[in-house]
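Here is a short report on one protein model. Look at the sequence and the fold, then read on.

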Amino acid sequence: MTDTQKPKLRSRAWFDNPDNIDMTSLYLERYLNFGLSLEELRSGKPIIGIAQSGSDLSPCNRHHLVLAERIREGIREAGGIAIEFPVHPIQETGKRPTAGLDRNLSYLGLVEALYGYPLDGVVLTTGCDKTTPAMIMAAATVNIPAIALSVGPMLNGWHKGERTGSGTIVWKGREMMAKGELDADGFVKLVASSAPSTGYCNTMGTATTMNSLAEALGMMLPGSAAIPAPYRDRQECAYHTGKRIVDMVHEDLKPSDILTLDAFHNAIVVNAAIGGSTNAPIHLAAIARHIGVELPLKDWETYGHKIPLLVNLQPAGEYLGEDYYRAGGVPAVVAQLIKQGLIVEGAMTVNGKTMGDNCRDATIEDGRVIKPFDQPLVEEAGFLVLSGNLFDAAIMKTSVISDEFRQRYLSNPDDPEAFEGPAVVFDGPEDYHHRIDDPSLGITPETLMFMRGAGPIGYPGAAEVVNMRPPAYLITEGVTALPCIGDGRQSGTSGSPSILNASPEAAAMGGLALLETGDRVRMDLKKGTVNVLVSDEELAARRAALEAKGGYAYPASQTPWQEIQRSVVGQMDTGAILEGAEKYQRIAQTMGLP
Ligand code: FES
Ligand code: MG
């Protein structure tokens, strides 16, 4: 590419604007004072932001503080100038009341930074659950050249010769505690064994899911999502990511060239094959809306439900992050799907090549961890999208329904996809924790447990609380899981048969607000319905009575942001974004260029 063909860089509006020498000199003098030279700032070299999500508050992403050095070297090597800046932290296991509350806040902050400062391109340092969607959402809105760099998972956890996976081990530990097999100290040690190094959760939780999907969307260098954080390859990948973003700026390769409907459909297919988190539909919907792509929730069923599970990672399987990387990571999975014609091969990616060209020849390096397409771990591993008089939309991973579960809830042997049971309803996680072991609730192996008041408005940001353990007295009898249905989310590290992300939530007066303990509920997986078996008249009367009391009650906001987010946040079926923000699209191009 000759210099005249290169796109005009937006950073020139700050550093090289002869029409406004006053402001230009102000911009120049202040960016000089940490070691950049006048020569560099006026050179016309692309200025590349490193959106730094790592900090002591975000241990999952903290290793990016180290990786940033290699990103900088890559940027400089390719002829760019690096400017590193902080991104609002989102630590899944640290933020109260929910990390979900901060995805849209981090998004907002990054949009302002990318739009309002002299940046020509950006490296998004992704990792812990919501950091990945938050940053890609912002890059989508602004639409400057952007490349994601995963921090990578932790090394495998081990305890007494067995792999311990982050998050997943907590569910196991809780069961062991409930059975009296473990004391509090033993519980803490068991859980700590699953986190042996820097990096994010080593299971197929939301972090590994969202980074794998960032790669499947084409936003990350091929083969890079799965590299464990402490590996040498991760440092090398940081360097190549830094080098590549400079070329992307010269090529004017933007998120809108990559995040097409084909890319989202590829990501949906990959999500099923890797056994990805039930948080993925929320985050992909949000990214799609910010880039202006129509992605109905139903596409998850249409494109994803029939796809088999190929990746044998906890919680669905046995292995962990290091094994996933050694077995071939995302490209090995995509290659299997390409052979079946399930991937749109022409989808563009950050390295300037298509998904097909990047992955077609990738091979499985360990068949225990990544299965060939014709020998899957589970058939039909994707989600069903359900609706009925309790909600307009919710998702369910049907592959985790055990035969034993099918027997327990089957209402009619001639109709093996229809289940029925009495409801026990909890209003938020605190209510659940207080009452779950109270025998007077009358929970039996036939009960369906409901969690409401846990959606984006009710429990601001939506809590990961739908997957509830049964009462201890049932666990001792061997009933380790009951079906759970709710308007909250479920941790990607849990494998319960749940119906999740129900929209609209109770706090928005969705049908769940009208449910009462003791109501019978029927799910029909063939028809895709979940209904409470109560007449329309009765439901209307309950609605009128609840509205007369001022609607479904939920706790007051504790911070300004909780109040602001609650006033504008949408429901999970459409991404739980800040409604109205989606009308700001491709805004980098509106920047006053000289
Ligand atoms: Fe950060 Fe799991 S808590 S990735
Ligand atoms: Mg999570």
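UniProt lists residues 45–358 under the name "domain: Dihydroxy-acid/6-phosphogluconate dehydratase N-terminal", in an unreviewed entry. The model shown here is predicted. In it, the span 45–358 is 49% helix and 9% strand.

Strands of a sheet pair through backbone hydrogen bonds, either parallel or antiparallel.

Take one pair in detail. Strand β1 (residues 47–52) and β2 are joined by six bridges, in the parallel sense. In this pair, Q52 stands opposite P86 of β2.

**Helix α6 and its two partners**

Two packed helices are described by the angle between their axes and the distance between the axes. Helix α6 (residues 131–142) packs with helix α13 (residues 280–291). Helix α5 (residues 100–116) also comes up against α6. The table sets out both pairs.

| Pair | Angle | Axis distance |
|---|---|---|
| α6 and α13 | about 15° | 8 Å apart |
| α5 and α6 | roughly 40° | within 8 Å |

What do these angles say? At about 15°, α6 and α13 fall under 35 degrees, so α6 is roughly parallel to α13. The angle between α5 and α6 makes α5 oblique to α6. Helix α6 passes α13 in a right-handed crossing. Helix α5 passes α6 in a right-handed crossing too.

Now the residues. On α6, the contact with α13 is made by P133, I136, M137, A140 and T141. On α13, it is made by H283, A286, I287, H290 and I291. By class, this contact of α6 with α13 has seven nonpolar, three polar and no charged residues.

The contact of α5 with α6 involves R103, S106, Y107, L110, V111, L114 and Y115 in α5. They meet P133, A134, M135, M137, A138, T141 and V142 in α6. The residues of the α5 and α6 contact divide into 11 nonpolar, two polar and one charged.

Notes: Residues numbered from 1 in each chain as written. Chains lettered and ligands numbered in written order. Predicted model: local features only at pLDDT ≥ 70, side-chain atom pairs only at ≥ 80, totals over all residues. Axes fitted to C-alpha atoms, helices over the stretch in contact; angles between N-to-C directions. Helix = DSSP H or I, 4+ residues; strand = E, 2+ residues; numbered from the N terminus. Parallel < 35°, antiparallel > 145°, perpendicular 65-115°, else oblique. Left-handed = near helix turned anticlockwise from the far one by under 90°. Contact = placed C-beta atoms within 7 Å. Nonpolar A, V, L, I, M, F, W, Y, C, P; charged D, E, K, R; others polar. Pairing = 2+ DSSP bridges. UniProt positions renumbered as here; feature names shortened; annotations may be inferred.
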